[in-house]
Amino acid sequence: MRYKLTLRWLGTHYCGWQVQPNAPTICGAVQDAVERLFGERGELTGCSRTDSGVHAVGFVAALKCESCRIPPEALQRALNVNLPKEIAVTGCCAVEEDFHPRYDAAAKRYRYRWYQSGTRDPFREGMAVQLPRPVDAAAMNEAAGLLLGTHNFSAFCAAGGKIPPEERVRTLTECAVIPIGDEIHLTVTGDGFLYNMVRIIAGTLLEIGQGKYPPGEITAILRSEDRERAGKTASACGLYLRAKGGGTVSELTEFEEARRRRRRKKNWRRTKKLAIVLAVGVWMYVINVENPSGTGTVREIPVTVVGEDSLAER
């Protein structure tokens, strides 16, 4: 049976979502609970990876466990009894076998938290980043608005990322900085994010709030596609994955249209590569036709056609 789990956690003492050898992870902790209950770890797929120390509210995962045949409400209660205190299942329902928490989601939303105080707050330690001196939240919000839309976010991608520069195009439909009491919150919603993208955006906006450069400079940083131009990567402890798959109808439509554009572009590149391979094969066949005696003898050479699956791996 396949279940959709909605999770929230404090990630301070965990090395992110993805299972790692000899390191505590959220996925590993949930699978430990499943194994205690049903004698098998099951298959657990998350909607996203997270860095060490990152928190989550509304993280969606899919659990497939052959031994589990209990109602979703009972599974939620049983998991919460067996999970560490930092992790909770806030929702559980049965889903179709083809449900995938990553590919079935239209949007992902992150929030980053700072608090302005000359004194460190022990109750927010590991959950928000302290700003000992005030910053200009209005300037930060102005700069954040300039990141809205579809862009190549290479300047906000950690160095050494596996995604090629030409495939680092993402669409942001929300990017805003809002003061709430003594806290400042950055909220970013998009159809996908690069490695450390939100934390680099947060670090860059913070430098603007500190007056290191004007809000409009972020446009030049974005267009440069140069990681060295952007600010430092902000600490992981202030970052929360707020939700996956939420949003209004208009937002979902915009996300889906952006996704379709990327798919069409990728399919066109694959088709173009395949056409080139076929054309080269035909050309090699033609130039190797030999008919010196007029007998019509043709020397064929083998032509290997690279399929779409092979091209996708390149």
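A polar contact here is a pair of N or O atoms within 3.5 Å; within protein, one has to be able to donate a hydrogen and the other to accept it, and residues adjacent in sequence count only if both atoms are side-chain atoms. This is a predicted model, where local features need pLDDT of at least 70 and side-chain atom pairs count only at pLDDT 80 or more, while totals for chains, interfaces and linings use all residues. Residues are numbered from 1 along each chain as its sequence is written, and side-chain values use heavy atoms, with hydrogens and water left out.

**View 1. Glu174 and its polar partners.** Glu174 sits in strand β8, residues 169-180 (strands are DSSP E runs of at least two residues, helices are H or I runs of at least four, and both are numbered from the N terminus). Its side chain makes a polar contact of 3.2 Å with the side chain of Arg109, and another of 2.5 Å with the side chain of Thr189. Leaving aside residues up to four places away in sequence, Glu174 touches Arg109, Leu148, Thr187, Val188 and Thr189 (contact means heavy atoms within 4.5 Å). With a relative accessible area of 24%, Glu174 is partly exposed (buried is under 20%, exposed is over 50%, partly exposed is in between, using a 1.4 Å probe and protein chains only). Ala144 is 30 residues away from Glu174 in sequence, but the C-alpha to C-alpha distance is 8.9 Å.

**View 2. Helix α3 crossing helix α4.** The axes of α3 (residues 137-145) and α4 (residues 197-209) come within 8 Å and cross at roughly 135 degrees. That makes α3 oblique to α4 (under 35 degrees is roughly parallel, over 145 roughly antiparallel, 65 to 115 roughly perpendicular, and the rest oblique). Axes are lines fitted to C-alpha atoms, for helices over the stretch in contact, with angles running from 0 to 180 degrees between N-to-C directions. On the α3 side, Ala139, Met140, Ala143 and Ala144 meet Leu205, Leu206, Ile208 and Gly209 of α4. The residues of this contact split into seven nonpolar, one polar and no charged (Ala, Val, Leu, Ile, Met, Phe, Trp, Tyr, Cys and Pro count as nonpolar, Asp, Glu, Lys and Arg as charged, and the others, Gly among them, as polar).

**View 3. Helix α1 against helix α2.** Here α1 (residues 26-38) and α2 (residues 72-82) have axes that come within 9 Å and cross at roughly 110 degrees, so α1 and α2 are roughly perpendicular to each other. Ala33, Val34, Arg36, Leu37 and Phe38 from α1 meet Leu75, Ala78, Leu79 and Asn82 from α2. This contact divides into seven nonpolar residues, one polar and one charged.

**View 4. The loop between β9 and α4.** Asp191 is in the loop that runs from β9 (183-190) to α4, and counts as buried at 10% relative accessibility. A polar atom of the Asp191 side chain lies 3.0 Å from the backbone nitrogen of Thr171. Asn196 belongs to the loop between β9 and α4, and is buried with a relative accessible area of 14%. Its phi is near 65 degrees, a positive value in a residue other than glycine.

View 5. Glu225 is in the loop between α5 (217-224) and β10 (239-244). Its phi is positive, about 55 degrees, although Glu225 is not a glycine. At 42% relative accessibility, Glu225 counts as partly exposed.
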